Amino acid sequence: MQPDASTYRLGVDIGGTFTDGVLIDEASGEFLIQKVPSTPIDPSEGFLDVVNGFAADRGMSAEQLRFVIHATTVATNALLERRGARAGLLVTAGFRDILEIARQVRYELYNLQTEKLPPLIPRERCLEVVERLDHRGEVLVPLDKESVALAVSELLEAEIDSLAICFLHAYRNPAHERRAREIAEERAPELTISLSSEIAPEIREYWRASTTATNAYVAPIVRRYLGSVERKLSERGIPATLHIVQSSGGIMTSQSAKERPVYMLESGPASGVAAAAYLAGLAGNADAISFDMGGTTAKAGLIRNGAPAVALEFEAGGKSGTGAGVAKGSGYPILGAVMDLVEVSAGGGSVAWIDAGGLLRVGPRSAGAEPGPACYGRGGVEPTVTDANLVLGRLNPDYFLGGRMRLDASAAAAAIERTCAGPLGLKAFEAAMGIVDIADAAMVESMRLVSIQRGYDPRDFALVAFGGAGPMHANRLAAELGIPAVVVPQSPGVASALGMLVTDLRHDYRLTRMQPLEQADLEDLNAVFNDFRRCAQKALGEEGFMKEAILLRPYTDLRYFGQSWKLPIELPDEELSEAHLKAVRADFDARHEQLYGYKVPEEPVEIVNLGLSAIGIIPKPRLIEVSVGGSSPEAAYTGSRPVYFADLGEFVECPVYRRYQLAQGNLIRGPAVIEEMDSNSIIHSGYSAEVVRHGTLIIRPDA
């Protein structure tokens, strides 16, 4: 897999407002960027717009594009908009209401009108099958093949196009589920079928059923979309295999994504954290907080020792909480590796409004790509965070998207005046600052949740700011949290697309094996891990990875007896022994104390799940280093304009610099504005930005 002078890698990230693309020359490290409006009706059109743009700009042939990676919200949108497949569910007799009953968790405890999310598969399409296993996977009631055939026939009459199968304790013995699939395939070979023993082989029946049902619900939509993208790439003569970003930040082939689309529900946000980890490492920061502020939302993630934090379960399609993040219990539970992110509705397109109590609010609704903020001139009349930044002078109306799109400052001011400033008795710029303040407060809270709530002090981390709007807000957010340095990569608006090109292919394997840690069956544990290793090496080998390019990371989920939650603890990639178990116990106690503030070393510990992350290491592209210059940035100076700063309480005439003309070693003292095609960086008074390798900006306090 050695690069040559004529090959390229392409990463395409489809967001709610813009579709971003990054094209990297594998030999030189040079990269080009594209940013085009998203096409919500058919997202693949935005994808092709990026490909066509690069082909026109670069003049490359289809054969030169050898690696294509894609992050998409198609699965997430199908879930959020309730336009997924017409799916059915087969369950063990007596468990027909598993999706209806769900959990006894109310996300609004004191709201008597709160309604649970409706099941993705309604009760009339959840049918029972005669069979039963015990918790050890031993057969109590054999599978009744006739009951399977009757249930499948009834569901086919209901015109389902996708089927989920979730039998009790199938994680210990998948035989009944596999035989049920064979029976269903005999009657409907074209049916998309999802087995819980393959999608989420873990305890907790409802979580497993929810994950499998979600996979079945979005699978036909994802299959059609990815098939459309592949077909359009093929029509252009592009031979490269399409890869998809997983929720965990790794990538998988499009074929794997078609089979297990539930693993790509957080595809877009995950690639941003992967980019942040890579870029922070280049700047010498192994510990960082990623801050991705796009058009619809802002997301924060944690990076420790160069690796993003990964959670092993999450909720999809949930509602925003009263603060930052998703209200617990409001979404569909999903078992699967996902970047540990906190997301808030505070993107550039988030709409500002006055609530019934006369208070200024921002989000959760977004103006999206169509019609977009008022300043876009596409029919939008509601004020957004982008409109507020324009009124405050943070944006140059003549240099948005490098001058390809002109912003209407008067329309932005009029929208803010009409909706916010007038009702509140404020001037337009005062209301605009209020909008930015509210958005900033939500983003600060998200960073606290992803750091302090996880047991980490944000002052020990750098902040990696990206997304089209991230660098405009990052300096102030870092000041609020005492973060000592802000890292702003070149072309931050398309950093998520870049993240796809610097991540690795990943497969995750998990299985429930409940037993006391102190009396663990080492033979059983090692047998499970060895099976994981065989599966991983076979899968990655078939995908073209040599043994030296494969990294295996085993771990186990542990908890104190009596607890209902668990913590993942890493294990060495070798045969486990009693000494390993003692070390794991010590690691668990220390992690529990860090996260929850206490440990109980005298209490017994229980193994819940075993897991292994298999990484296929892809050679990383070499980024170009910018030329070395002196400390003066005069060559990049383009003029000045007034910018409002809340801490100064007035508009200040700020020097403006063009990012692409900055040289390594340049030092820019705030207040100042640094412009580039896809984003603006705002340097506050008392701070300076230094240009380092690869053109990265490091913003630090002057003191």
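The count comes to 41 salt bridges, each defined as a side-chain nitrogen of Lys or Arg within 4 Å of a carboxyl oxygen of Asp or Glu. The model is predicted: local features need pLDDT of at least 70 and side-chain atom pairs pLDDT 80 or more, while totals for chains, interfaces and linings use all residues. Residues are numbered from 1 along each chain as its sequence is written, and side-chain values use heavy atoms, without hydrogens and water.

Two of these pairs involve strand β30 (residues 672-676). Strands here are DSSP runs of E with at least two residues, and helices are runs of H or I with at least four, numbered from the N terminus. Glu675 meets Arg641 at 2.6 Å, N to O. Arg641 lies in strand β27 (residues 637-645), 34 residues apart from Glu675. Glu675 is buried, with a relative accessible area of 1%. Arg641 is also buried, at 14%. Buried means under 20% relative accessible area, exposed over 50%, and partly exposed in between (1.4 Å probe, protein chains only).

Glu676 pairs with Arg659, again at 2.6 Å, N to O. Arg659 sits in the loop between β28 (650-658) and β29 (667-669), so the pair ties together parts 17 residues apart in sequence. Both Glu676 and Arg659 are buried.

Helix α15 holds another pair, Arg534 and Asp531. Their closest N and O atoms are 3.6 Å apart. The two residues are separated by about one helical turn, because they stand 3 residues apart in the helix. Arg534 is exposed, at 52%, whereas Asp531 is partly exposed, at 34%.

Elsewhere, Asp42, Glu45 and Lys232 are linked in a network of salt bridges.
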